Amino acid sequence: MFNFNELTDSVADGQVAKATELTKKALAAKVPAKDVLNKGLLPAMNRVGKDFEDGQIFLPELLMAGDAMKASIGLLRPELSRKGAAYTGKCAIGTVEGDLHDIGKNIVILMLEGNGWEVTDLGIDVPPQRFCEEIKKGGYDLLGLSALLTFTMPKMPETIKLLKEAGLREKVKVIVGGVPLSQSFANQIGADAYARDAVEAVVKARELVKK
Ligand code: B12
């Protein structure tokens, strides 16, 4: 039986080498990648988020935990993004301007890829103009916007406004996500969908292209 707690502790403590070693061990023992993610890695982010909020840890610790998380997720990539599903659509996705959080976005990408999406990752700190430029290239069914900070959320309506002004809004569906968001925020800014996590993102994205 794989010890998920040990993996959670190593990620939360920012021990990159130990976290990668344990992730490899889990995969070698045929633990499904989604269990490694949900039972081992994600609880670590919840823990450090709370400890950071409570002032028990500071930015350097947060950074180290983020690094350990990214290193372990990298090892899950081949399994999580394995192409098995038929082509669903094409998506551009990025974290909005001013925001450097990309762990959640990267998980969304893996899950979309594993469900038949061709994904262009625009990265982090993406200005509204950059999103528009990409959509202007054509061929996209979906635009995904990620924000983890309350003060970067306004970049989402800004991006949607710019898409409208450029006559691109009708060409692409917009899905938004990130921990401070909600369905009501998505409605308010005129997004087509909001997803709480990567699993819901896949479901909502599929619904949007079916419409
Ligand atoms: C790791 C982390 C960092 C790392 C990021 C590393 C990286 N490469 O991403 C580092 C150390 C860089 C960091 C920096 C900062 N952080 Co930080 N960070 C976190 C932490 C602990 C975890 C985030 C995470 O990765 N979660 C795990 C992933 C899997 O979950 P997720 O991001 O929510 O993603 C899921 C869903 O939201 C959704 N989703 C996400 N994106 C999208 C997009 C689409 C299209 C869809 C459909 C769905 C979707 O699906 C994802 C997968 O299921 C959170 C706390 C928390 N619990 O969220 C704080 C947190 C987000 N950070 C916070 C803060 C304050 C900061 C800093 C301002 C700290 C500082 N004083 O400098 C800086 C900001 C830097 C910047 N300009 O962006 C606050 C935000 C408070 C707020 N309300 O605005 C939080 C909430 C911590 C806290 N409790 O105070 N951070």
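**Helix packing and beyond**

Reply: Glu6, Leu7, Ser10 and Val11 of helix 1 meet Lys18, Ala19, Leu22, Thr23 and Ala26 of helix 2. Contact here means C-beta atoms, placed from the backbone, within 7 Å of each other. By class, this contact has five nonpolar, two polar and two charged residues. Nonpolar covers Ala, Val, Leu, Ile, Met, Phe, Trp, Tyr, Cys and Pro; charged covers Asp, Glu, Lys and Arg; the others, Gly among them, are polar. The model is predicted: local features need pLDDT of at least 70, side-chain atom pairs count only at pLDDT 80 or more, and totals for chains, interfaces and linings use all residues. Residue numbers start from 1 along each chain, as its sequence is written.

Now the geometry. Helix 1 spans residues 4-12 and helix 2 spans residues 16-28. Their axes come within 8 Å and cross at roughly 150 degrees. That makes the pair roughly antiparallel. The cut-offs are under 35 degrees for roughly parallel, over 145 for roughly antiparallel, 65 to 115 for roughly perpendicular, and oblique for the rest. Axes are lines fitted to C-alpha atoms, for helices over the stretch in contact, with angles from 0 to 180 degrees between N-to-C directions. Helices (H or I, at least four residues) and strands (E, at least two) are DSSP runs, numbered from the N terminus.

Helix 1 has another partner, helix 4. Their axes come within 7 Å and cross at roughly 130 degrees. Helix 1 is therefore oblique to helix 4. Ser10, Val11 and Ala12 of helix 1 meet Ala65, Ala68, Met69 and Ser72 of helix 4. This contact has five nonpolar, two polar and no charged residues. Ser10 and Val11 also take part in the contact with helix 2.

Helix 4 in turn packs with helix 5. Their axes come within 10 Å and cross at roughly 5 degrees. The two helices are therefore roughly parallel. Helix 4 brings Gly66, Met69, Lys70, Ile73, Arg77 and Leu80. Helix 5 brings Ile103, Asn106, Ile107, Leu110 and Met111. The classes here are seven nonpolar, two polar and two charged.

Next, the domains. The chain divides into domain 1 (4-80) and domain 2 (89-210), with bounds from an automatic or database domain assignment. Their centres, taken over C-alpha atoms, are 25 Å apart. Seven residues of domain 1 touch six residues of domain 2. Helix 4 gives the most to the domain 1 side, with six residues. That side has four nonpolar, one polar and two charged residues.

Methods: Contact = placed C-beta atoms within 7 Å.
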